[in-house]
Amino acid sequence: MPPMDIHPTAMSILLTSLVSWQVYKKFEPNSPAASFILLLVVPLCTLVYSDSLSILNTTLAIPLYWCLLLTFIILYRVSPFHPLSKYPGPLSCKVSKVWLAYIAARGDMHRYVKTLHERYGDVVRVGPNELSFRRKDIIEPILSNKELHKGPYYDLRQVPARNPVDGIKDYREHAARRRLWSRGTSVSMTKIYTQSLIVGIHELLDELLKRQDTTIDISEWLSFTATDFMGRMTFSTSFDMVKMGYDSVGIIKPVEEITYQSNIIAQTPWIIPYLMWLPQGKKALNQGHRLGGDMVRKRKALGTDTRDLYYYLMDEAGFEDVKPRETDVLSDGITAIAAGSDTTATAVTNTLYYLLKHPDVKTRLQRDIREVFANSQEVSDYTKSVELPFLDACINESLRLLPPGLTGFQRQVDPSGRGKMLGEHFVPPGTNVYAHLYSIQRDPRYFSPLPETFWPDRWLDQDTYTLPTGENISKDGLILSRDAYYPFSIGQQGCAGRNIALLELRTLLIAILRDFDIQAAEGYRLDGYEEALKDVHVTLRGPLYVQLHPVAT
Ligand code: HEM
């Protein structure tokens with residue numbers, strides 16, 4: 001057989017694309033300059049070098065070069081030579097993260113990855129270089145391990161002039177910043193914040209009372225309440241959303257939009273530098289920064305009589321040798337408002353949703369609350385909430401089934417290291433990993449019986465349990481793996497506001513359920529609420545329409 005006669009130009013292009021692919025294999029194309037060189041300068045140089053630079057050659061050869069490059073990338077990713085080849089997963093995920101970006105755009109990541117685990121098992125390859133784990137013994141090695149840093153998902157938080165605590169990858173730098181947060185969110189500060197929380201809750205109760213027996217979207221009112229509180233807690237400024245009955249500073253929708261867009265972009269973080277070139281991308285990425293700037297300026301101008309989170313983030317007490325940078329404080333202030341209001345509002349709304357779906361649980365909880373809190377004024381006595389174990393059981397159960405951060409939190413095995421054993425699985429350097437929260441917290445191996453059902457009793461410590469079906473089971477028949485429950489994440493990079501969140505959750509639920517009987521609005525399909533939830537790293541919620549009837553005190 002005669003040897004294949006390949007045109008010399010095609011041969012040069014083939015060889016060049018092979019070399020460029022080697023470069024792509026090692027480094028993500030995350031710099032526009034590098035991509036420009038690899039995608040245009042390199043093939044042009046090849047044509048010049050092989051003396052075949054002409055308009056015809058250029059228009060044919062360059063697209064050929066791109067096609068070959070793409071083909072090599074794809075073939076390698078699905079080939080047995082890829083370091084993650086032994087891990088199962090759908091072809092679309094192995095080929096590119098663009099598929100997950102599409103799933104993210106639909107807000108379906110939590111359900112999608114759960115179905116992947118049901119199909120492929122405990123470890124699934126969800127991206128060319130990404131693994132999802134569904135095993136409780138792998139939560140800690142992923143999330144509480146200084147050898148694993150936050151993955152490229154968090155790159156978006158490190159755009160110029162932004163350096164929020166949740167985007168810091170370096171453990172030492174992160175620990176220094178968390179010191180400021182820890183002072184501002186300590187248990188003793190929680191007591192101080194309770195006062196401003198109660199002011200906000202009374203404002204909410206007043207407004208709800210005015211709207212008794214009409215249909216309201218409680219989800220929206222809870223967003224107003226939580227955002228007002230974060231404003232008070234962080235900058236000693238209320239946005240007065242509850243009093244005005246709408247998002248008076250136009251902050252909620254922009255934050256939701258940025259979170260939604262960021263969650264898509266963060267699937268393919270190499271795209272970030274390109275977005276910064278586009279006016280739209282720049283605008284979206286900088287919007288939050290501008291929102292926070294105003295609050296910081298106002299807080300600096302007015303000062304404050306009581307200590308707030310800003311006081312600690314700015315280290316106004318002078319604990320630190322080096323004063324924090326104002327831009328960092330600004331970023332963290334925005335993070336507090338974004339991370340603190342929406343998550344809490346989601347957790348309370350989700351809990352109310354489950355209570356509406358399970359009226360017997362709601363009645364029981366209301367009875368407990370009304371026994372302990374005789375009137376609205378007592379709601380401020382936060383210490384009494386410890387007398388309500390069933391309330392905590394309902395909150396835990398809601399955070400188990402629908403944690404506000406649904407999917408989990410990406411970490412990366414050191415790209416310059418030698419890889420890492422996660423359980424019995426060797427994970428190569430540079431691999432992104434996460435423990436899939438939505439799957440793990442619904443796994444029958446860890447929560448049984450009825451892992452997918454809202455059944456708060458599982459959190460109570462008793463000898464026998466009555467299931468919603470009426471059947472009785474003994475303690476031995478119950479599986480409750482507290483180490484598979486991590487809605488606030490764990491470790492040094494876990495939620496900085498956990499104490500405050502729990503304070504808010506308990507107090508808000510006590511206040512609403514004590515003062516009102518709540519039911520789904522007439523004609524409103526309750527299941528639609530859960531179906532409409534979107535996983536965008538945190539949760540985007542639709543409305544939860546209810547009617548409230550005040551109870552006599
Ligand atoms: C029910 C309510 C809440 C839930 C479920 C929740 C959950 C979480 C989770 C899972 C993380 C880790 C995210 C990641 O690794 O990407 C986190 C981080 C964080 N949360 Fe919360 N959170 C809640 C409320 C709050 C509140 C009220 C605040 C503010 C006072 C807050 C402030 C933060 C901050 C600053 C971080 C970043 C911590 C770091 O990276 O060091 N959270 N939260």
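The legends below describe close-up views of a predicted model. Local features are given where pLDDT is at least 70 and side-chain atom pairs count only at pLDDT 80 or more, while totals for chains, interfaces and linings use all residues. Residues are numbered from 1 along each chain as its sequence is written.

**View 1. The shell around the ligand.** There are 25 residues around the ligand, and those that come nearest are Gly 340, Thr 343, Cys 495, Gly 497 and Ala 501. A residue is near a molecule if its C-beta atom, placed from the backbone, lies within 6 Å of it. Helices (H or I, at least four residues) and strands (E, at least two) are DSSP runs, numbered from the N terminus. The most residues come from α16, which gives seven. By class the shell has 13 nonpolar, ten polar and two charged residues. Here Ala, Val, Leu, Ile, Met, Phe, Trp, Tyr, Cys and Pro count as nonpolar, Asp, Glu, Lys and Arg as charged, and the others, Gly among them, as polar.

**View 2. The packing of α10 against α16.** Helix α10 (residues 218-235) and α16 pack at an angle of about 145°, and their axes are 8 Å apart. Axes are lines fitted to C-alpha atoms, for helices over the stretch in contact, and angles run from 0 to 180 degrees between N-to-C directions. Among the residues that meet are Leu 222, Ala 226 and Met 230 in α10, and Gly 333, Gly 340 and Val 348 in α16. Residues are in contact if their C-beta atoms, placed from the backbone, lie within 7 Å. The residues of this contact divide into ten nonpolar, ten polar and no charged.

**View 3. Nonpolar cores.** The largest nonpolar core has 83 residues, and Val 348, Leu 391, Leu 509 and Ile 510 have the most contacts inside it. Such a core is a set of buried Ala, Val, Leu, Ile, Met, Phe, Trp, Tyr and Cys residues joined through C-beta atoms within 7 Å. A residue is buried if 20 or more other C-beta atoms lie within 10 Å of its own, exposed if 12 or fewer, and partly exposed in between, with C-beta atoms placed from the backbone. Helix α16 gives the most to this core, with 15 residues. Leaving aside neighbours within four places in sequence, Ile 510 is in contact with Ile 369, Phe 373, Val 379, Ser 385 and Leu 391. Another core, of 35 residues, lies apart from the largest one and includes Val 113, Leu 116, Ile 138 and Phe 409.

**View 4. Backbone geometry in loops.** Most residues other than glycine have a negative phi, and most peptide bonds are trans. In the loop between α10 and α11 (241-244) lies Ser 236, with a positive phi near 55°. Ser 236 counts as buried because it has 21 C-beta neighbours inside 10 Å. Asp 240 lies in the loop between α10 and α11 and also has a phi near 55°. Asp 240 is partly exposed, as 15 other C-beta atoms lie within 10 Å. Elsewhere, a cis peptide bond joins Ser 448 and Pro 449, with omega about 0°. Pro 449 lies in the loop between β9 (447-448) and β10 (464-466).

**View 5. The surroundings of Gln 212.** Gln 212 lies in the loop between α9 (187-210) and β4 (215-217). With 12 other C-beta atoms within 10 Å, Gln 212 is exposed. Not counting residues up to four places away in sequence, Gln 212 touches Leu 548, His 549 and Pro 550.

Key. Contact = placed C-beta atoms within 7 Å.
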